[in-house]
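Dear colleague,

I am passing on the structure that we spoke about, and I would be grateful if you could look through it before reading my notes. The notes follow directly after it.

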Amino acid sequence: MEIMEKDLTSLMEDESVERFITVCQRHNLSALPIVASNFRLVGYLSETDIIDASLPGYLKLMETTSFIPDSHQFFNGLKKILDRPVSDFMKKRPFKVYFDDTVLHVSDVIIKNKLKVLPVVDDEERLVGVIRRIGLLSKTLSGEIEYES
């Protein structure tokens, strides 16, 4: 698949939230696929998931009101989860595509679900790469991806 990046940056399901933050910061990422010991995709974790775990219900509340909690609540909530495994907070049924899926199908999944990063797996559900929304846009713009108008 011409739009897939062979980026296997991911975390094992038993690694800590603190490790998630460190890896995301180091690689300038906002989310990571979560894998089992055989590199099988088992989940997906984003910054939004961590914020929501630190302040349960806050993001939903922000959609409906102008309430802003005390920042100490967030910091205290985050400290409480730093040592917990990412598997406690990951999406356990992540969106994914297969390495032989069409660009049209991949684009459809990304656009309909408002995804920034989409894991790519092989026939055994092992992580083989990712597709980033910006990569899809960039390759479309440069003409590397053919489309009909």
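**The largest cavity and its lining**

The largest cavity is lined by D7, T9, L29, A31, L32, P33, V117, V130 and R132, where lining residues are those with an atom within 4 Å of a point, and where a cavity is a set of points on a 1 Å grid over the protein atoms alone at which a 1.4 Å probe fits but cannot get out. Please keep in mind that this is a predicted model, in which local features need pLDDT of at least 70 and side-chain atom pairs count only at pLDDT 80 or more, while totals for chains, interfaces and linings use all residues. Residues are numbered from 1 along each chain as its sequence is written, and side-chain values use heavy atoms, with hydrogens and water left out.

The structure holds one cavity of 30 Å³ or more, and the space in the largest cavity comes to about 40 Å³, a volume being the space filled by probe spheres set on the points, which are joined across faces, edges and corners. Its lining divides into six nonpolar, one polar and two charged residues; here Ala, Val, Leu, Ile, Met, Phe, Trp, Tyr, Cys and Pro count as nonpolar, Asp, Glu, Lys and Arg as charged, and the others, Gly among them, as polar. Both β2 (31-35) and β6 (127-132) supply at least two of the lining residues, and β2 gives the most, with three.

**The sheet around β2**

The protein chain has six helices and six strands, which are DSSP runs numbered from the N terminus (helices: H or I, at least four residues; strands: E, at least two). Strand β2 belongs to an open sheet of three strands with the order β1-β2-β3 and mixed pairing, where two strands pair if DSSP finds at least two bridges between them. At the edges stand β1 (11-12) and β3, each with a single partner strand, so one side of each has no neighbour in the sheet.

On one side, β1 and β2 run parallel and are joined by two bridges, with M12 having V35 as its bridge partner in β2. On the other, β2 and β3 run antiparallel and are joined by five bridges, with I34 standing opposite G43 in β3. The strands β2 and β3 form a hairpin with five residues between them, and F39 in the turn has a positive phi of about 70°.

Is β3 buried or exposed? Six of the six residues of β3 (residues 41-46) are buried, so this strand is largely enclosed by the rest of the structure; buried means under 20% relative accessible area, calculated with a 1.4 Å probe on protein chains only.

The largest pocket has a volume of about 380 Å³, and among the 16 residues that line it, Y44, S46, K91, K114 and L115 are the closest to its centre. A pocket is an open set of points with protein on both sides within 12 Å along at least five of seven lines. Strand β3, α2 (47-54) and β5 (117-121) each supply at least two residues of this lining, which by class has seven nonpolar, four polar and five charged residues.

In α2, the residues D49, I50, A53 and S54 are buried. Seen down the axis of α2, these buried residues fall within an arc of 135°, so they line one face of the helix, the arc being that of the directions from the helix axis to the C-beta atoms.

With best wishes

Definitions and conventions
Buried means under 20% relative accessible area, exposed over 50%, partly exposed in between (1.4 Å probe, protein chains only).
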